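Please prepare a briefing on the structure shown below. Keep it plain, and group the points by topic.

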Amino acid sequence: MKRAWLLLLCAAPLLPHETLTTTVLFDREIVRILDRHCVMCHAAGGPTFPLETFDQTWLKKREIHAETIARHMPPWPAVPGYGQFANDNSLTLRESQFIISWVEGLGPRNSGTVFLNVTGPDAARPPEVRAHADFGHWQLGEPEAKYKVTPLIDLGLKTARPLRAIEYLPSDHRNIRSATFKVKETGQWIGSWTPWYGYMSLPNGRVFVLPAGAHIVAEVQYKGSPPADQGEIGLHFAQVPATARAMAGDLVLPAKLTAATSVIALRVEPATGTKSVEVSARKPNGATEILLFAKEFSPEWPTPFILKTPVALPAGTELRVAGAARVTVSRY
Ligand code: HEC
């Protein structure tokens, strides 16, 4: 017994010497990574344990190291290098390296000068550097129209209206996982919500046409039971005539394009047990472009793949899917 105890005591100082130094600091690099990629979930009032302060993060640093190397956190199924997505929340290589270096360097807070020689009352100290969750306000600005979220939302539209963006503001972040919004009358997808990307804003002046009398079907996924107050959606309308720059109807793959098409988003519903899904476009000249390669789908955090810039494809292009999944494309 005594010997085992001694071995344990000796284990910690056996780390190689070079792991004890790092130039990466919590107050500088790490807090920015937490702000950008983590606190939308890891925060007081969010769905899981907070990673907002130095103490909270320092205590979890071994787990953070492991999750970063395994690419488990933040959840994002698309493999880097195949298509660029506006709602990609994965760590860049540089950010992953910062985290690994910080943990292996034993997690320094700052360069050591900030808190030295401060002996006065707390009020005299510089404010603690910490990450901040950005819940509870409209990212796209005040919407033109707001509606309480129910499974079927009557928009009360007397005429067709061109919609350029939709945003969702949940009432409570602890329980919610994701949301999807579709137009009941046309079946068209008009937006989704995930903790890290809460809106859909159309590129190049494009609009979804909401027909007169339209309803929005809201599918909100919770971990537990839905709260009484399910928050609000906000709609941003455009000034163009309703059909001038209208999005085309959603396309279910596989499909052959009969006209030139720009793809703006892909939605993937993997069958249970599907390991990976690849969506590719084979153009009439024989060139093939991979639009999406995704694996390790997390059923808990479903997400659309919103392209950073629309992908233009000529008529005659064949859109193919490898892997068991229903894939739907939003396009104009
Ligand atoms: C979309 C929400 C979401 C985002 C974004 C997210 N996480 Fe998580 N994370 C979770 C959930 C949920 C769990 C599971 C917690 C549990 O088991 O109760 C988790 C678990 C973890 C764990 C495992 C904890 C353990 O004890 O093993 C670590 C470490 C972690 N997250 C770090 C991070 C870091 C670092 C980031 C940002 C770079 C991040 N997460 C981004 C939702 C998220």
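**Salt bridges, iron site and sheet**

E289 counts as partly exposed because its relative accessibility is 27%; buried means under 20% relative accessible area, exposed over 50%, and partly exposed in between, with a 1.4 Å probe and protein chains only. This is a predicted model, in which local features need pLDDT of at least 70, side-chain atom pairs count only at pLDDT 80 or more, and totals for chains, interfaces and linings use all residues. Residues are numbered from 1 along each chain as its sequence is written, and side-chain values use heavy atoms, with hydrogens and water left out.

**Salt bridges**

- The structure holds 13 salt bridges, a salt bridge being a side-chain nitrogen of Lys or Arg within 4 Å of a carboxyl oxygen of Asp or Glu.
- E289 is joined to K283 by a salt bridge, with 3.2 Å between the closest N and O atoms.
- K283 is partly exposed, at 22% relative accessibility.
- R109 and E128 form a salt bridge through their side chains, at 3.3 Å from N to O.
- That pair links distant parts of the chain: R109 and E128 are 19 residues apart, and each lies in the loop between helix 5 and strand 1 (145-148).
- R109 has 25% relative accessibility and counts as partly exposed; E128, with a relative accessible area of 37%, is partly exposed.
- A salt bridge also connects the side chains of E300 and R177, at 3.0 Å from N to O.
- Here too distant parts of the chain are linked, since E300 sits in the loop between strand 14 (288-295) and strand 15 (305-313) and R177 in strand 4, 123 residues apart.
- E300 is partly exposed, with a relative accessible area of 35%, whereas R177 counts as buried at 4% relative accessibility.

**Iron site**

- The iron atom of the ligand has H42 (NE2) and M73 (SD) as its protein donors, lying 2.0 to 2.3 Å from it.
- Donors are N, O and S atoms within 2.8 Å of the metal (3.2 Å for Na, K and Ca); water is not among the atoms, so sites may look incomplete.
- H42 belongs to the loop between helix 2 (26-37) and helix 3 (54-59), and M73 to the loop between helix 4 (61-69) and helix 5 (93-104), so the pair ties together parts that are 31 residues apart in sequence.
- The arrangement around the iron atom of the ligand is octahedral, because its six donor atoms subtend angles of 83 to 179 degrees; six donors count as octahedral if opposite donors are over 155 degrees apart and all others between 65 and 115.
- H42 is buried at 10% relative accessibility, while M73 is partly exposed at 36%.

**Helix 2**

- Helices (H or I, at least four residues) and strands (E, at least two) are DSSP runs, numbered from the N terminus.
- The buried residues of helix 2 are F26, D27, E29, I30, V31, I33, L34 and H37.
- Those buried residues pack against helix 3 and helix 5, contact meaning heavy atoms within 4.5 Å.

**Sheet 2-8-4-5**

- An open sheet is formed by four strands in the order 2-8-4-5, with antiparallel pairing; two strands pair if DSSP finds at least two bridges between them.
- Strand 2 (152-154) and strand 5 (189-193) are at the edges with a single partner strand each, so one side of each is left without a neighbour in the sheet.
- Strand 4 (residues 176-183) pairs with strand 8 (residues 215-222) in the antiparallel sense over seven bridges.
- In strand 8, Y222 stands opposite I176.

Methods:
Four donors count as tetrahedral if all angles lie between 85 and 135 degrees; four count as square planar and six as octahedral if opposite donors are over 155 degrees apart and all others between 65 and 115; anything else is irregular.
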